[in-house]
Amino acid sequence: MGHLGLTLQAVAALGGYKVQANSVEQATMLRKDAKRCEAAGVLCVVECIPYQLEEKVSAQLSIPVIEIGSDPKIDGQVIIFHDLDTFGVDCVPKFANVNRKVMLGLIDLCSRGESRHLSRT
């Protein structure tokens, strides 16, 4: 898996939780990196880049492009659990506006899974 754009490991070096690849030079480099992912035969995960760039990256590749966040025109989307519950983070991503009932449902599901009380229907 190739992870492009904002990466948690580099947040401090990138100046915090900010949109990445805003300049033409950075966008060109990201697109080249995405092509390298394709050549390696791995899927490409993009995070916190302009949606127009996400769409261009997705259109140029034959591999799946997964976006962390909310662009509906990408091949797939993921939301990181810790983004949903704001566990251990100082800022909440814009797309992580989840209400309390959903969070309680996830907690309940995890509890039932740990205790093996999941329905087999």
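These exercises work through the sheet, crossovers and core of a predicted model.

**Exercise 1. Find the order of the strands in the open sheet, and state which strands stand at the edges.**

Solution. 
- Step 1. Take the pairing of strand 1 (residues 2–5) with strand 2. They run parallel and are joined by 4 bridges.
- Step 2. Move on to strand 3 (residues 65–68). Strand 2 is joined to strand 3 by 4 bridges, and this pair runs parallel.
- Step 3. Look at the ends. Strand 1 and strand 4 (76–78) each have a single partner strand, so one side of each lacks a neighbour in the sheet.
- Step 4. From one strand to the next, it averages 30 degrees.

**Exercise 2. Determine the handedness of the β-α-β unit made by strand 1, helix 1 and strand 2, then of the crossover from strand 2 to strand 3.**

Solution. 
- Step 1. Follow the chain through strand 1, helix 1 (residues 24–40) and strand 2. The unit is right-handed.
- Step 2. Continue from strand 2 through helix 2 (residues 51–60) to strand 3. This crossover is right-handed.

**Exercise 3. Describe how the residues of strand 2 point, and whether they are buried or exposed.**

Solution. 
- Step 1. Recall the general rule. In a regular strand, side chains alternate between the two faces of the sheet.
- Step 2. Apply it to strand 2 (residues 44–47). C44 and V46 point one way. V45 and E47 point the other way.
- Step 3. Check burial. All of these residues are buried.

**Exercise 4. Trace the surroundings of C44: its bridge partners, its contacts and its place in the largest nonpolar core.**

Solution. 
- Step 1. G2 has C44 as its bridge partner in strand 2.
- Step 2. Turn to strand 3. There the bridge partner of C44 is V65.
- Step 3. List contacts, leaving out residues up to four places away in sequence. C44 touches G2, L4, A34, C37, L61, I63, P64, V65 and I66.
- Step 4. Go to the core. The largest nonpolar core has 15 residues, and C44 is among those with the most contacts inside it, along with L30, L53, V57, L61 and V65.
- Step 5. Sort by element. Helix 1, strand 2 and helix 2 each give two or more residues to this core. Helix 1 supplies the largest share, 4 residues.

Conventions:
Residues numbered from 1 in each chain as written. Predicted model: local features only at pLDDT ≥ 70, side-chain atom pairs only at ≥ 80, totals over all residues. Heavy atoms only, no water. Buried < 20%, exposed > 50% of the residue type's maximum accessible area, 1.4 Å probe, protein only. Pairing = 2+ DSSP bridges. Right-handed = clockwise from strand over helix to strand, strands pointing away. Core = buried A, V, L, I, M, F, W, Y, C linked by side-chain atoms within 4.5 Å. Contact = heavy atoms within 4.5 Å. Axes fitted to C-alpha atoms, helices over the stretch in contact; angles between N-to-C directions.
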